[in-house]
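Student: I have a model to go through with you. Can we take it in questions and answers?

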Amino acid sequence: MIIYKFSDEQIKQVHQLYQEVWWGKERTFEDTKRCIQGSQVCIGILNEKGRLIAFTRVISDFIYKAIIFDVIVSENYRTQGLGQQLMSLVKSHEQLRNVKHFELYCLPEMESFYRRFGFSTDIDGIKLMRCVNA
């Protein structure tokens with residue numbers, strides 16, 4: 001089952017998914033809740049028992065850019081096509097289907113996965129820049 005709105009219990013389950021990935025372990029439950037509330041599009045996949053097993057979120061202006069964050073599939077459900085399903089749901093989402101550019105961050109070992117959806121590292125010499133807000 002696909003969901004776009006998250007109950008408090010499902011937000012707890014999103015937080016549990018974050019604990020399964022190295023980059024999400026430091027997030028608090030409150031951080032998780034605020035991330036979901038601050039994102040324009042959130043998509044979850046539930047298993048047959050109603051438990052959240054995959055999640056992603058998107059921030060967008062709905063015209064030019066959509067940045068995909070936090071593509072997570074529960075360890076026990078990986079290699080079953082759920083990551084592909086999340087990406088397809090994002091790209092076909094009613095509010096996002098006319099966006100000019102989808103962007104995301106990924107580790108080098110994930111590049112081949114995202115290339116299947118048309119993502120490329122060739123972005124005309126543009127570089128990611130970051131400033132830590134201390």
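Tutor: Start with a cut-off: buried means under 20% relative accessible area, exposed means over 50%, and partly exposed lies in between. Note also that this is a predicted model.

Student: Is Glu-103 buried, exposed or partly exposed?
Tutor: The relative accessibility of Glu-103 is 31%. Buried requires under 20% and exposed over 50%. Glu-103 therefore counts as partly exposed.

Student: Which side chain does Glu-103 meet in a salt bridge?
Tutor: Glu-103 lies in strand β5 (residues 101-104), and its partner lies in strand β4, 38 residues apart. The N to O distance is 2.9 Å. The partner is Lys-65.

Student: Which element gives the most residues to the largest nonpolar core?
Tutor: That core has 21 residues, and Val-58 and Phe-102 are among those with the most contacts inside it. The elements giving two or more residues include β3 (52-60), β4 (65-73) and α3 (82-92). With 5 residues, the one that gives the most is α3.

Student: What accessible area do Trp-22, Trp-23, Leu-107 and Met-110 have together?
Tutor: Trp-23 is in the loop between α1 (8-18) and α2 (29-37). The four residues form a nonpolar patch on the surface, and their accessible area together is about 400 Å².

Methods. Residues numbered from 1 in each chain as written. Predicted model: local features only at pLDDT ≥ 70, side-chain atom pairs only at ≥ 80, totals over all residues. Heavy atoms only, no water. Core = buried A, V, L, I, M, F, W, Y, C linked by side-chain atoms within 4.5 Å. Buried < 20%, exposed > 50% of the residue type's maximum accessible area, 1.4 Å probe, protein only. Helix = DSSP H or I, 4+ residues; strand = E, 2+ residues; numbered from the N terminus. Patch = residues over 30% accessible without salt bridge, like charges linked within 9 Å, V, L, I, M, F, W, Y side chains within 5 Å. Areas by Shrake-Rupley, 256 points an atom, 1.4 Å probe, with all protein chains shown as cover.
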